Structures are given as C-alpha cells and as structure tokens.
Amino acid sequence: MQLTRDPVTVQILTTPHRTAPPPAIEKASEEGDRVRALSPADRKLRMINLGAVLVPIVGLVMVTVMSWGWGFDWVQFGVSVGMSLATAFGITVGFHRLFTHRSFRAPAPVRYTLAALGSMAVQGPVIEWAGTHRRHHQHSDGEEDPHSPHMHADGSWGDGILGTLRGFYHAHVGWLFAGRCKGLGKYTKDLHADPVVAMVNRQFLFWVVAGLVLPAVLGGVISLSWTGALLGFLWGGLVRILAVHHITWSVNSICHLWGSSPFRSHDESRNNVLVGVLGMGEGWHNNHHAFPTSARHGLTWWQLDTSYLLIRGMALVGLASDIRVPDAVRIESKRRVRAEPPFQPVNRPESAAP
Ligand SMILES: [Zn+2]
Ligand SMILES: [Zn+2]
C-alpha cells in the first residue's frame with residue numbers, strides 16, 4: 001500500500017481489499033442470524049417501516065393535487081432539491097463511503113454533520129444502516145444477504161419474470177418488512193467506539209424530525225405564509241424523503257439485476273448508468289463491489305460520481321483526508337475476462353466475502 005499526495009492525500013490501494021481496516025467482521029452462527037418468524041418487536045418495526053414507506057407517497061399525492069389547483073411552485077421545488085442533495089450526500093458520502101467502508105477520513109465536525117444529514121433521509125440510524133450494508137457485502141447475493149434480488153434465507157426467488165419481480169420487490173423495499181436484521185453487532189464495533197457516530201446514532205429521531213421541520217420553516221419564511229410552510233413540509237420533507245428512498249433502494253434492486261459487470265465481484269452487482277447519475281455515483285455498483293473500500297465508484301472519466309467529486313472538494317479545504325482509490329494495476333487485475341462463466345448465486349463461505 002502506498003500513499004500519494006496529488007493534489008490531496010489519496011491512498012492508492014495496491015493490496016486486496018480484504019486486508020483493509022475496519023469493518024472487523026467475525027464469523028457467527030448463520031442459522032442464529034436468520035429471521036424465520038416475526039417477534040412482537042419485529043412486527044412493530046414492520047409497521048414503523050410501512051409508515052416510513054407509505055407516508056412520503058401520501059406527501060407526493062398531496063403536492064400533486066395542490067399543484068393542480070394552485071400551480072407548480074418552483075421555490076418549494078428548489079427547497080426540495082436542496083434538501084434532497086444534502087440528505088442524499090449524507091447517505092452516499094457519510095453513511096456509505098465514510099462510515100460503512102472507511103474509504104476516507106474526516107474530522108469530528110464533518111462526521112457529525114454527515115451522520116446527521118444521513119439520518120434525515122429516514123433510512124434508519126447510522127450504525128444499523130452500516131451494519132446491514134456490511135452484511136450485504138459479506139454475503140452479497142447469497143442466502144444471508146439482507147436484500148438480494150436473487151436469493152433469500154430459504155433459497156432462490158425463482159425463475160422467469162415472476163421470480164425476477166419477487167426478487168426486485170424484496171431487494172427494493174420488501175426486506176424492510178422482514179424483521180430486524182439480527183446479529184449486526186459483530187459488524188459495527190468500530191462505529192460504536194466512535195463517540196461522534198454513537199451520539200448521532202442515539203439522536204436519530206431528533207434528526208428525522210429536524211429534517212421535516214427545517215423545510216417547513218424555510219417554506220414558511222420564504223413565502224411568509226402558513227401555506228408555504230405546509231408546502232415546504234411536503235416538498236422538502238415528504239417528497240424529498242420519497243425521492244432519496246427510492247434512489248437508494250434502486251442500488252439494492254436495479255443494480256443487482258440490470259447493467260454491466262466489467263469486474264469480478266463474486267455477486268450479481270451491476271453498473272447501471274441511470275442509477276449511477278441519479279444516485280450520486282452509487283449506481284456504479286459492480287465497480288463498488290469489486291473495490292468496496294474505494295472512495296471513488298465511477299472508475300472511468302465518463303462515469304459521473306458526484307459523491308467522489310464532493311469528497312475531493314472536501315479534501316481541498318481540509319475536510320477529508322486519506323482518500324482510498326484503487327490504482328490502475330489493481331483495477332486491471334480484477335477486470336472480468338470474456339470467457340469467464342457467469343456468477344451462480346449460492347450461499348458462499350465466509351472466506352469468500354469481500
Ligand atoms: Zn450491492
Ligand atoms: Zn457498499
């Protein structure tokens with residue numbers, strides 16, 4: 001492993017990712033992790049998640065009806081876009097590339113801000129999000145993957161269009177109703193040990209509420225009306241949550257079904273152009289599974305990766321350092337050879353995890 005400093009500190013990965021720093025993942029009882037029957041706590045969580053999925057849709061219906069009657073409000077739309085960008089970067093740069101994969105380092109105020117913004121996206125507390133995602137990488141498209149469109153705890157989703165639709169639904173949103181992912185503690189010891197991350201994790205509900213109140217206040221102040229406050233709540237709160245939810249979930253569903261897979265990654269991950277652009281670079285998902293600790297997901301010049309651009313911009317002003325990216329030799333060493341057989345989804349042993 002070597003370091004370069006051009007023009008910011010970028011750590012070039014020349015060693016396999018399995019030797020990377022945290023997450024420290026221990027082997028655990030596979031059977032013990034599975035969720036066969038929902039406990040009362042699981043059923044409660046399912047209802048909460050159902051509300052988190054459905055209420056933003058109600059918000060979209062309401063702004064559509066209000067726009068129909070009063071005209072489209074570009075200012076409120078702008079508030080929604082701004083809140084979407086801020087909270088989406090909280091997920092992509094914060095929850096995913098910083099906290100889950102440790103692909104760069106950041107000072108405490110930056111870690112706090114990114115964790116708070118990601119919490120506003122209403123995708124669960126940061127430590128649970130990161131633990132679930134680390135489990136996804138360790139078991140990607142195997143039976144223990146929390147949200148594979150190919151496999152679940154009891155096997156394949158089936159063949160044909162119906163099997164694909166069942167898998168798509170589960171990977172996109174259905175997995176949220178399958179009960180809490182058990183045994184995540186072994187994936188997240190380093191995050192519990194970070195007092196900044198642990199603090200924001202405890203404050204999750206506060207930041208969810210703040211993410212709804214803030215656009216309402218903005219909308220009300222800009223228009224100096226209660227109607228403006230309501231529109232701010234709907235546009236910058238609920239519609240924004242809906243948009244960021246489904247773009248994030250498209251990485252789990254679309255990017256394990258449709259697109260190209262130029263790299264060997266031991267799973268069905270795909271690079272999908274549409275999700276790549278809309279998902280702030282997260283849709284270059286085959287690249288990501290091949291090089292999970294890389295801060296850069298768009299590995300060629302045309303693969304737009306706005307999250308990586310933001311990380312590089314943060315580094316220029318001292319807000320990020322030790323940015324990890326694979327060097328050209330390592331990238332070529334993982335490039336898929338045309339004659340290779342396609343990936344067969346099976347439950348792999350722990351040693352095959354990234
Ligand atoms: Zn994936
Ligand atoms: Zn990841």
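**A buried loop residue and its setting**

Modeller: Asp141 counts as buried because it has 25 C-beta neighbours inside 10 Å. By the definition used here, a residue is buried with 20 or more other C-beta atoms within 10 Å of its own, exposed with 12 or fewer, and partly exposed in between, the C-beta atoms being placed from the backbone. This is a predicted model, in which local features need pLDDT of at least 70, side-chain atom pairs count only at pLDDT 80 or more, and totals for chains, interfaces and linings use all residues. Residues are numbered from 1 along each chain as its sequence is written, while chains are lettered from A and ligands numbered from 1 in the order in which they are written.

Asp141 sits in the loop between α5 and β3 (151-152). Helices (H or I, at least four residues) and strands (E, at least two) are DSSP runs numbered from the N terminus. The phi of Asp141 is positive, near 60 degrees, and the residue is not a glycine. Most residues other than glycine have a negative phi.

Met280 lies in the loop between α11 (273-278) and α12 (285-290), and it counts as buried because 27 C-beta neighbours are inside 10 Å. In α11 itself there is Val277, which counts as partly exposed because it has 16 C-beta neighbours inside 10 Å. The C-alpha atoms of Val277 and Leu304 are 6.2 Å apart, though 27 residues separate the two along the chain.

Two further positive phi values follow helices. Arg102, with a phi near 50 degrees, comes after α3, and Gly71, with a phi near 95 degrees, comes after α2. Helix α2 (residues 40-70) has 31 residues and spans 44 Å from first to last C-alpha, close to the expected 45 Å; the expected span is 1.5 Å times one less than the number of residues. Helix α3 bends by about 25 degrees at Gly94, the bend being the angle between axes fitted to the seven residues ending there and the seven starting there. Of the 27 residues of α3, 20 are buried.

Now the core. The largest nonpolar core has 50 residues, and Val126 and Ile311 have the most contacts inside it. Such a core is a set of buried Ala, Val, Leu, Ile, Met, Phe, Trp, Tyr and Cys residues joined through C-beta atoms within 7 Å. Elements giving two or more residues to this core include α3 (74-100), α5 (126-138) and β5 (323-326), while α10 gives the most, with eleven. Beyond four places in sequence, the residues in contact with Val126 include Phe95, Phe99, Val197 and Val200; contact means C-beta atoms, placed from the backbone, within 7 Å.

As for the whole, the chain has 14 helices and five strands, and 44% of its 354 residues count as buried. Among contacts with a separation of 6 or more, 68% join residues 24 or more positions apart. The mean pLDDT (the predictor's confidence in each residue, from 0 to 100) is 86, and 85% of residues reach 70 or more. Over residues 347-354, however, pLDDT is below 50.

Note on methods. Two residues are in contact if their C-beta atoms, placed from the backbone, lie within 7 Å.
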